[in-house]
Amino acid sequence: MNLIIGSHVSYKTDTGLIGSVKEALSYNANTFMFYTGAPQNTNRSSINKEYVEEAKKLMEDNNIDINNVIVHAPYIVNLANTNNFDFSVSFLKQEVKRCSELGINKLVLHPGSAVNVSKDEGINNIIAGLNIILDNDFDVIILLETMAGKGNEIGRNFEQLNEIIKKVKFSDKIGVCLDTCHISDAGYDLNNFDKVLEEFDNIIGLDKLMCIHVNDSKNVVGSHKDRHENIGYGNIGFDNLINVIYNKKLENIPKILETPYIDNGDKKRAFPPYLFEIKMIREKVFNSNLINDIISYYK
Ligand code: FE
Ligand code: FE
Ligand code: ZN
């Protein structure tokens, strides 16, 4: 099967998209995901077109299809709340434009958190926001991420996401990113993934599923915590994650790792786990020495 696998990578202003592609290649990945700036703020610099052209060439030379590359919107934009709603909308309008300038057509977004409004108002705000943002000429699809249900997060089940999707006017510009840690924490048991996928198909439709975030979870099913764990080291487990990654119905959908960096005990330096996690995934063999392998490779 055609495995499309990658991870979160950095995007730095001084190297632009070229640096991100090189980082992905260093993990032996054939796709990647990045934030166009820091995930926790909305300071963004303009896109360097020269870097984009060179990055595209580098991707072509290394069989990375840019259609599988993902941008993630920053965590702090929140379309559910009335506070900062206008700011979130205008930021996301700009972010869609940035994606288009980068040649990337998939933008993952956390739907929002209904902090100062009711759940229903939150959902209505998200729909209203998306209808403003997606009213453009850009070929960019917003993928709403399935959330763990921490606090007042919207998107804690397939029904909530569908409620939003069916009321978004621009139906060809909206999709879903399924996060394995989040759905497990939300209460979906990945020991029975076929059933989960069937439910997804019945409620939302598999045609809407366009990205998978592959993460293990530090917590048990239904915990609503959202703490990611390295592949095979959490409560979902290696076999269940392999089962998701190699599911026939999910072929051709990019799979992105967002697992935690490994620190060397001193917290001063942390190392990316992705080269070794991707190796395990490609070989379908769990590495019980993962942490040590990572530390000895990078230190
Ligand atoms: Fe996310
Ligand atoms: Fe995620
Ligand atoms: Zn998460």
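User: Are His-110 and Glu-145 buried or exposed?

Analyst: This is a predicted model. A residue counts as buried when its relative accessible area is under 20%. By that cut-off, His-110 and Glu-145 are both buried.

User: How many residues apart in sequence are the parts tied together by His-110 and Glu-145?

Analyst: His-110 sits in the loop between strand 4 (106-109) and strand 5 (112-113). Glu-145 belongs to strand 6 (residues 141-145), so the pair ties together parts of the chain whose separation in sequence is 35 residues.

User: Which residue bridges the iron ion (ligand 1) and the iron ion (ligand 2)?

Analyst: The iron ion (ligand 1) has Glu-145 (OE) among its donors. The iron ion (ligand 2) is coordinated by Glu-145 (OE), Asp-179 (OD), His-213 (ND1) and Glu-258 (OE), at 2.1 to 2.2 Å. The two ions lie 3.2 Å apart, and the bridging residue is Glu-145.

User: What is the geometry of the site of the iron ion (ligand 2)?

Analyst: Four donors count as tetrahedral if all angles lie between 85 and 135 degrees. Here the angles among the four donor atoms run from 82 to 169°. The site is classed as irregular.

User: How many residues apart are Asp-179 and Glu-258?

Analyst: The donors of the iron ion (ligand 2) are spaced E-x33-D-x33-H-x44-E along the chain. Asp-179 lies in strand 8 (residues 174-179), and Glu-258 in the loop between strand 12 (255-257) and strand 13 (262-263). Both Asp-179 and Glu-258 are buried. This pair links distant parts of the chain, and its separation is 79 residues.

User: How many disulfides does the structure hold?

Analyst: A disulfide needs two cysteine sulfur atoms within 2.5 Å. For Cys-181, the nearest cysteine sulfur is that of Cys-177, 12 Å away. The sulfur of Cys-211 also has Cys-177 as its closest partner, at 3.8 Å, too far for a bond. The number of disulfides is zero.

User: What is the relative accessible area of Cys-211?

Analyst: Cys-181 is buried, with a relative accessible area of 0%. Cys-211 is buried too, and its relative accessible area is 0%.

Conventions: Residues are numbered from 1 along each chain as its sequence is written. Chains are lettered from A and ligands numbered from 1 in the order in which they are written. This is a predicted model: local features need pLDDT of at least 70, side-chain atom pairs count only at pLDDT 80 or more; totals for chains, interfaces and linings use all residues. Side-chain values use heavy atoms; hydrogens and water are left out. Donors are N, O and S atoms within 2.8 Å of the metal (3.2 Å for Na, K and Ca); water is not among the atoms, so sites may look incomplete. Helices (H or I, at least four residues) and strands (E, at least two) are DSSP runs, numbered from the N terminus. Buried means under 20% relative accessible area, exposed over 50%, partly exposed in between (1.4 Å probe, protein chains only). Four donors count as tetrahedral if all angles lie between 85 and 135 degrees; four count as square planar and six as octahedral if opposite donors are over 155 degrees apart and all others between 65 and 115; anything else is irregular.
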